[in-house]
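Hi everyone, thanks for making time today. Let me put the structure up on the screen, and then we can walk through it together.

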Amino acid sequence: MSLARVSSSSSTSLLHSPLLLSFLRPLSSSTISSASSLRRSRTRSFPIAAAFSQGSPSPQAVREGEAMEAPRPSSRRPWKPTCLYYTQGKCTMMDDALHLEKFSHSLLMDLPVNVSATDKVKPQKLDYFLVLDLEGKVEILEFPVLMIDAQSMEFIDSFHRFVRPTAMSEQRIGEYIEGKYGKFGVDRVWHDTAIPFVEVLQEFEDWIGSHNLWKKDQGGPLNSAAFVTCGNWDLKTKVPEQCRVSKVKLPTYFMEWINLKDIYLNFYNRRATGMMTMMRELQMPIVGSHHLGIDDSKNIARVVQRMLSDGAVLQITAKRQLATGDVKFLFKNRIR
């Protein structure tokens with residue numbers, strides 16, 4: 001959950017809400033996930049700067065035993081909500097002690113590694129996994145990626161952007177965002193930071209380039225890395241659709257991926273319909289808010305870490321043919 005965006009028509013009633021009063025904080029912007037990106041980022045100020053993600057489960061989820069707030073079991077420090085301006089390189093309150101005390105500015109805190117478990121990790125064919133979990137059914141609204149070392153299981157870096165639709169009216173965008181992110185209270189940070197998909201791709205290519213995972217002048221697939229998604233929808237369906245809407249060619253680094261559902265099925269010999277099923281079966285509490293992309297990416301990355309420590313080998317499960325655009329699925333036993 002994050003800071004709510006309060007409209008003038010509803011401000012009177014909402015200002016008396018104990019929940020809202022408990023979360024209001026001064027906010028602003030600008031830095032980036034990795035140190036190299038930090039030096040390159042442009043500073044922009046915002047009227048509010050402490051938007052955050054938080055694991056506040058819905059009553060239904062608690063009843064089903066599927067979602068709960070999860071303080072880090074391996075850390076003595078209390079769990080903190082994540083500043084969502086920081087995840088996009090736009091928090092300008094890094095010198096504010098109170099802000100730093102209340103909000104996390106390190107995704108590493110949610111992705112600890114048990115050093116003793118690394119002995120069980122089997123050799124992987126790839127060096128890095130890029131965990132991706134898009135949000136947005138009409139157009140992409142959120143593009144989060146977490147970079148995990150395939151052998152050590154350590155969190156390396158992250159790329160996170162909110163995405164502004166280009167084929168929708170401002171009124172429709174407002175309704176869309178309120179319906180999607182208003183329930184989390186992050187509609188304000190979305191409006192403050194969202195950029196068009198074309199710009200997101202440009203910044204993402206700079207990011208993967210900075211990690212030597214891809215070179216724009218050479219094209220082709222990622223270098224010793226692969227996207228990990230929970231299902232085929234993100235890269236089989238949504239990214240190509242968004243590229244058509246945004247009138248850009250589908251980048252070559254999106255041509256292959258790992259569907260974690262297929263890996264899970266073949267490794268544990270049981271089907272998982274989604275991330276929540278995996279976490280429930282593995283007895284892992286959820287961190288943050290389900291259907292907030294950056295939080296879902298963290299939880300999928302935690303499942304990846306767990307599966308690696310259990311001895312799973314993650315390999316490409318789907319490839320798109322450059323000539324025809326058809327997708328070939330590489331596992332005979334797969335989730336359909």
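Which element gives the largest share of the lining of the largest pocket? Before I answer, please keep in mind that this is a predicted model.

The answer is H11, which supplies three residues of that lining.

Now for the pocket itself. Its volume is about 540 Å³. There are 23 residues lining the pocket, and those closest to its centre are Asp133, Leu134, Glu135, Lys137 and His291. Sorted by class, the lining holds eight charged, eight nonpolar and seven polar residues.

Let's turn to the sheet. Here eight strands come together in an open sheet, and if you trace across it, the order reads S6-S5-S4-S3-S7-S8-S9-S10. The pairing in this sheet is mixed. At the edges sit strand S6 (195-196) and strand S10 (327-329), each of them pairing on one side only.

I'd like to zoom in on one pair of strands. Strand S7, residues 225-229, runs parallel to its partner, strand S8, residues 256-259, and three bridges join the two. For threonine 229, the bridge partner in S8 is asparagine 259. Packed on the sheet is helix H10, residues 260-268, which touches both S7 and S8. The direction of H10 makes about 45 degrees with that of S8.

That's my tour, and I'm happy to go back to any part of it!

Methods. Residues numbered from 1 in each chain as written. Predicted model: local features only at pLDDT ≥ 70, side-chain atom pairs only at ≥ 80, totals over all residues. Heavy atoms only, no water. 1 Å grid on protein atoms, 1.4 Å probe; cavity = no way out; pocket = protein on both sides within 12 Å on 5 of 7 lines; lining within 4 Å. Points joined across faces, edges and corners; volume = space filled by probe spheres on them. Helix = DSSP H or I, 4+ residues; strand = E, 2+ residues; numbered from the N terminus. Nonpolar A, V, L, I, M, F, W, Y, C, P; charged D, E, K, R; others polar. Pairing = 2+ DSSP bridges. Contact = heavy atoms within 4.5 Å. Axes fitted to C-alpha atoms, helices over the stretch in contact; angles between N-to-C directions.
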